[in-house]
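Me: I'm new to this structure and would like to learn how to read it. Could you walk me through a few features?

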Amino acid sequence: MNKDKYIILGHENPDVDSIVSGYLLEKYMIKLGFDAQFVIPDKVIEKNTLNLCFKYGLKASNYQIVDFDFKDDYKYVLIDHSEREGLKNIFAIVDHHPRDKMIKCKNYYNYVSSSTSCIICKGREEYFDKDDIKLCILAAFVDTASFNSTKSVVEDKEWIKDLCEKYSFDYNVFYEDGLCLTDLDNIDDVCFNGLKKYNVNELIVYSSFIHIKYDKKTSLLIQEVINILKEYIKNNNIDIFLFIVHDMVNFKTRVYEIKRECTEEYNYERYTSRGGVIIPDLIRRVSS
Ligand SMILES: [Mn+2]
């Protein structure tokens, strides 16, 4: 029997798909006989994410090891992202953000899919119980804004509809939960919701997003957020902060590209994926 230890890692600031996929892959690998462990090394897991996982029976904090010892002789499995600095031994990558860049890894699975959870579960349903399937579906809904995002894949939606029928799950409950309306009570949480960091052509780029139903109050709030982020990038030497506002009624997306000297707006006529479209568009802008 293989004595290696396999550590499964989601991306920094893990979202529902990262956490659910880690949990599912750990279960799957253990069933195949691997000594596998899902670890969340992040200090903080966002409240919305924690609560939603918990509602579906998954306690994300159980996997949190803040001072985790990243030993060189562990084998690492990256899920829901495809690059990570400082790890010697990357055994596998499972992601749904295909990219042009060549990634050297023997077990590299990165293709268009609604969620990493779909890649893990689809075709392997017999390894998972009813509650696992429920979590897998939740992750797909959250990652695709309830299949309204440009990231959503029709075949996954069909697969999930069949599963809902088979297990008598209520599609509408997933739909509401998948919209993930952002709690707007705390302005700091609003500013940094879903924060991700990128390096684009030597530029330091941060990005966060919110899901809202527009009204007068939210317009004022957005202006306030932009002002705060403008100060923030000055004080923290960040070149660009993309603040992404998803309108969860009309499923349109507006991007505020906040720079030290100005803020520019970009509008998308659909709910638009950050990794799939918004960041690539930014890369094109700064490269031209
Ligand atoms: Mn994902």
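Me: Let's start with a loop. Where is Cys-180 found?

Reply: Cys-180 sits in the loop between α6 (171–179) and α7 (187–191). Such names follow a rule: helices (H or I, at least four residues) and strands (E, at least two) are DSSP runs, numbered from the N terminus. Before we go on, this is a predicted model, where local features need pLDDT of at least 70, side-chain atom pairs count only at pLDDT 80 or more, and totals for chains, interfaces and linings use all residues. Residues are numbered from 1 along each chain as its sequence is written, and side-chain values use heavy atoms, with hydrogens and water left out.

Me: What is the phi of Cys-180?

Reply: The general idea is that most residues other than glycine have a negative phi. Cys-180 has a positive phi of about 45°, although it is not a glycine. Ser-146, also not a glycine, has a positive phi of about 55°, and this serine lies in the loop between α4 and α5 (154–167).

Me: Are Ser-146 and Cys-180 buried or partly exposed?

Reply: Buried means under 20% relative accessible area, exposed over 50%, and partly exposed in between (1.4 Å probe, protein chains only). Ser-146 is buried at 2%, whereas Cys-180 is partly exposed at 23%.

Me: How many disulfides are there?

Reply: A disulfide is a covalent bond between the sulfur atoms of two cysteines. Here a pair of cysteine sulfur atoms has to be within 2.5 Å, and by this rule the count is zero. Take Cys-121: its nearest cysteine sulfur belongs to Cys-136 and is 3.7 Å away, and Cys-121 is in no disulfide. Cys-121 is buried, with a relative accessible area of 0%. Cys-136 is buried too, at 0%.

Me: At what angle do α1 and α4 pack?

Reply: Axes are lines fitted to C-alpha atoms, for helices over the stretch in contact, and angles run from 0 to 180 degrees between N-to-C directions. Helix α1 (residues 16–31) and helix α4 (residues 130–143) pack at about 150°, with axes 9 Å apart.

Me: Which residues make the contact?

Reply: Contact means heavy atoms within 4.5 Å. Among the residues involved are Val-20, Tyr-23 and Leu-24 of α1, and Leu-135, Cys-136 and Ala-139 of α4. So Cys-136, buried at 0%, takes part in this helix contact.
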